[in-house]
Amino acid sequence: MDILNNMLSGQVPIEAYLGVSLIMFFAGIYGFLSRKNLLMILVSIELMLNAADINFVVFNRYLYPGQMEGFFFALFAIAIAACETAVAIAIIINIYRNLTSVEVGELDEMKE
Amino acid sequence: MGDLGGLNIMAEQIIFYILAVLIAIFSVLAVTSKHIIRSATYLLFVLLGTAGLYILLGYYYLFAVQIAVYAGGVMVLFIFAILLTNRPGEKVKSERKDRRIAAGITSLAGIAFCGHIIYWNINKVYSLVVPDEQKVQEIGLNLMGTEKYQYLLPFEFISVLLLACIVGAIMIARRR
């Protein structure tokens with residue numbers, strides 16, 4: 001109980017936040033390398049982008065709490081991620097329409 | 001009052017650790033699940049947990065953006081794409097087993113390397129500051145200003161980029 005009390009007193013340490021984003025990022029890396037479906041690869045990319053956003057915000061809050069650079073970077077990164085997802089999904093739907101498959105192993109031509 | 005503050009901080013820690021465990025579990029499940037629609041749902045939980053972390057850090061505006069853009073817009077796009085490109089109940093294929101093992105080793109090595117760096121170096125540089133609330137007015141003024149550390153130009157670039165993406169996505173996905 002005393003150990004628990006010691007661990008829980010004070011603020012959340014910065015290492016804990018970085019650990020969460022670390023696990024999220026490398027889960028994304030694993031998914032990117034180990035899945036064949038284009039949509040699964042896109043899910044992995046979203047995980048990695050999200051981990052990067054957490055890092056920006058955490059460094060802003062803990063290291064430079066009076067400034068807002070990390071906050072704005074995370075805001076713009078979210079907007080760019082939304083753009084990227086929209087275009088990627090349009091491309092994936094187009095690929096499916098032409099080749100009736102979204103497995104990366106079967107995509108060996110760009111035109112029908 | 002001091003006792004109450006301690007309790008508040010303790011509650012914050014407990015909420016943080018619950019969110020952290022949920023995020024870790026769901027992000028691993030999201031990349032290992034056999035059904036793609038389940039993996040999109042786990043991704044949604046990860047994004048919501050991240051929004052919770054933003055609240056804990058005091059960034060309420062970023063919380064709203066995360067919920068609206070990611071958990072709202074991007075997830076709807078994902079689910080549309082999954083329903084358009086997958087037959088229901090079909091399992092998605094993974095890479096061959098040796099490649100999966102290589103990917104696992106790569107990511108575990110990365111976690112070990114970065115975790116080592118974080119653990120040994122990070123507590124030398126930061127000083128703890130109690131988060132103060134960020135005013136939305138201040139965000140708006142910084143977003144629309146043209147001085148140093150203000151962000152009108154990137155804001156305009158983002159708006160042009162969004163427009164270009166909308167037009168490009170329609171051009172790519174339209175039926176000929």
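View 1. The model is predicted: local features need pLDDT of at least 70 and side-chain atom pairs count only at pLDDT 80 or more, while totals for chains, interfaces and linings use all residues. Residues are numbered from 1 along each chain as its sequence is written, and chains are lettered from A and ligands numbered from 1 in the order in which they are written. A:Val57 sits in helix H3 of chain A, residues 38–63. Helices are DSSP runs (H or I, at least four residues), numbered from the N terminus. Leaving out residues up to four places away in sequence, A:Val57 touches A:Gly70, A:Phe71 and A:Ala74, and also B:Tyr54, B:Leu57, B:Tyr59 and B:Leu62. Touching, or contact, means that the C-beta atoms of two residues, placed from the backbone, lie within 7 Å.

**View 2. Helix H3(A) against helix H2 (residues 36–57) of chain B.** The two helices pack at an angle of about 5 degrees, with their axes 11 Å apart. Axes are lines fitted to C-alpha atoms, for helices over the stretch in contact, and angles run from 0 to 180 degrees between N-to-C directions. H3(A) is therefore roughly parallel to H2(B), a term for angles under 35 degrees. A:Val57 is among the contact residues of H3(A), and B:Tyr54 and B:Leu57 are among those of H2(B). The residues of this contact comprise 15 nonpolar, three polar and two charged. Nonpolar means Ala, Val, Leu, Ile, Met, Phe, Trp, Tyr, Cys and Pro; charged means Asp, Glu, Lys and Arg; the others, Gly among them, are polar.

**View 3. Helix H4 (residues 69–99) of chain A against helix H3 (residues 60–85) of chain B.** Here the angle is about 10 degrees and the axes are 10 Å apart. H4(A) and H3(B) are therefore roughly parallel to each other. Contact residues include A:Phe71 and A:Ala74 of H4(A) and B:Leu62 of H3(B). This contact has 18 nonpolar, four polar and no charged residues.

**View 4. The contact between chain A and chain B, with 60 residues from chain A and 71 from chain B.** On the chain A side, helices H2 (14–34), H3 and H4 each give two or more residues. H4(A) gives the most, with 19 residues. By class, this side has 43 nonpolar, eleven polar and six charged residues.

Terms used: Parallel < 35°, antiparallel > 145°, perpendicular 65-115°, else oblique.
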